[in-house]
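Subject: Structure handover

Hello,

Here is the structure I promised to pass on. Please open it first, then read my notes below.

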Amino acid sequence: MTYVSPPPSSLLDHPTAYRKLQLNYTRNKQQDHTGLLDEAARRFCYDDCKDEYWNPVEFSLLYGTPLWEQASASQRIQLNQLYWVAYYAQIVSAEIATIFFNQTSAAGLYALEDFRLVCDTLDLESAQERAHIHAFRTISHQVEMALFGRPIFTYAMRSPFTETMVYADTNALKLWWKKIQLHMFGLLSSDNAFLACQYFTVRGLRTLNGKLVQHKLSAYCQRHPDLDTAPIPARISYYHF
Ligand SMILES: [Fe+2]
């Protein structure tokens, strides 16, 4: 008697889940702001919006401290803009990591039947993250050059295997260990759909956490009577959300 192996299980065996994934991918494509973000970054000129707040006032560096209390109106505006720069410098490193782990996870998931839809969704997100990084870096670079003549919060492009915090509490040994862990996870998750799914669970929670702040930054733009009159960095916060 010859043994006939059962057909491999497929994502199509779960029509409800598949439909939800399809809907999610379609919505992501419809709500894709990549073109608007690229355009905003291209048109950004610090001089045009250097006298405006870019975030709600409480999202300013040193807000509520004695330094803030003694700052002049123009210094407060700069502290508000520097919050934007510092916040998105931090986001850039998380997005660099996201791009890489999206790809290793997609490799792990693509080994299963009919997971192309999931992989395509991840590819779209990776392309969007590259546009986000470009926009954040373009604005931040101009601001830092105008105010300090050098980078303070931004940094040269880096690989996903580095520390994600801008001013991290770390040392050479911790950096080395973290790098090994990230290398290992990249290797394992690209060959293990279970691990890839764990990554998405953790990332989903992290993203929700990030959205608590990003929602407020993005809502600020909507206070302007017309989106086109809002300062470009505020519009970028809106498109990014
Ligand atoms: Fe992003």
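How accessible is Glu39: buried, partly exposed or exposed? Glu39 is partly exposed, with a relative accessible area of 31%. Keep in mind that this is a predicted model.

**Salt bridges**

The count comes to three salt bridges. Glu39 takes part in one of them, with Arg42. The N to O distance there is 3.0 Å. Both residues sit in helix 2 (residues 34–43). They are three residues apart, so about one helical turn separates them. Arg42 is exposed, at 61% relative accessible area.

Another salt bridge joins Asp120 and Arg116, at 3.1 Å from N to O. This pair lies in helix 6 (residues 116–147). Arg116 is exposed at 57% relative accessibility, while Asp120 is partly exposed at 21%.

Then there is Glu125 with Arg203. Their closest N and O atoms are 2.7 Å apart. Glu125 is in helix 6 and Arg203 in helix 8 (residues 193–221), so this pair ties together parts that are 78 residues apart in sequence. Arg203 is buried, with a relative accessible area of 12%.

**Iron site**

Four residues coordinate the iron ion: Glu95 (OE), Glu129 (OE), His132 (ND1) and His240 (NE2). The distances run from 1.9 to 2.2 Å. Angles among the four donor atoms span 81 to 177°, and the site is irregular. Why is it not tetrahedral?

The donor spacing in sequence is E-x33-E-x2-H-x107-H. Glu95 in helix 5 (residues 73–110) and His240 in helix 9 (residues 232–240) are 145 residues apart, so the pair links distant parts of the chain. Glu95 is buried at 5% relative accessibility. His240 is buried too, at 10%.

**Around Thr98**

Thr98 is also in helix 5. At 2% relative accessibility, Thr98 is buried. Leaving aside residues up to four places away in sequence, Thr98 touches Glu125, Glu129, Tyr199, Arg203 and Arg206. Among these contacts are the iron donor Glu129 and the salt-bridge pair Glu125 and Arg203.

**Surface patch**

Last, look at the outside. A nonpolar surface patch of about 760 Å² is made by Leu173, Trp176, Trp177, Ile180, Met184, Leu187 and Leu188. Trp176 lies in helix 7 (residues 172–189). Trp176 is exposed, with a relative accessible area of 53%.

Best wishes

Definitions and conventions:
Residues numbered from 1 in each chain as written. Predicted model: local features only at pLDDT ≥ 70, side-chain atom pairs only at ≥ 80, totals over all residues. Heavy atoms only, no water. Donors = N, O, S within 2.8 Å, 3.2 Å for Na, K, Ca; no water. Tetrahedral: all angles 85-135°; square planar, octahedral: opposite > 155°, others 65-115°. Helix = DSSP H or I, 4+ residues; strand = E, 2+ residues; numbered from the N terminus. Buried < 20%, exposed > 50% of the residue type's maximum accessible area, 1.4 Å probe, protein only. Patch = residues over 30% accessible without salt bridge, like charges linked within 9 Å, V, L, I, M, F, W, Y side chains within 5 Å. Areas by Shrake-Rupley, 256 points an atom, 1.4 Å probe, with all protein chains shown as cover. Salt bridge = Lys/Arg side-chain N within 4 Å of Asp/Glu carboxyl O. Contact = heavy atoms within 4.5 Å.
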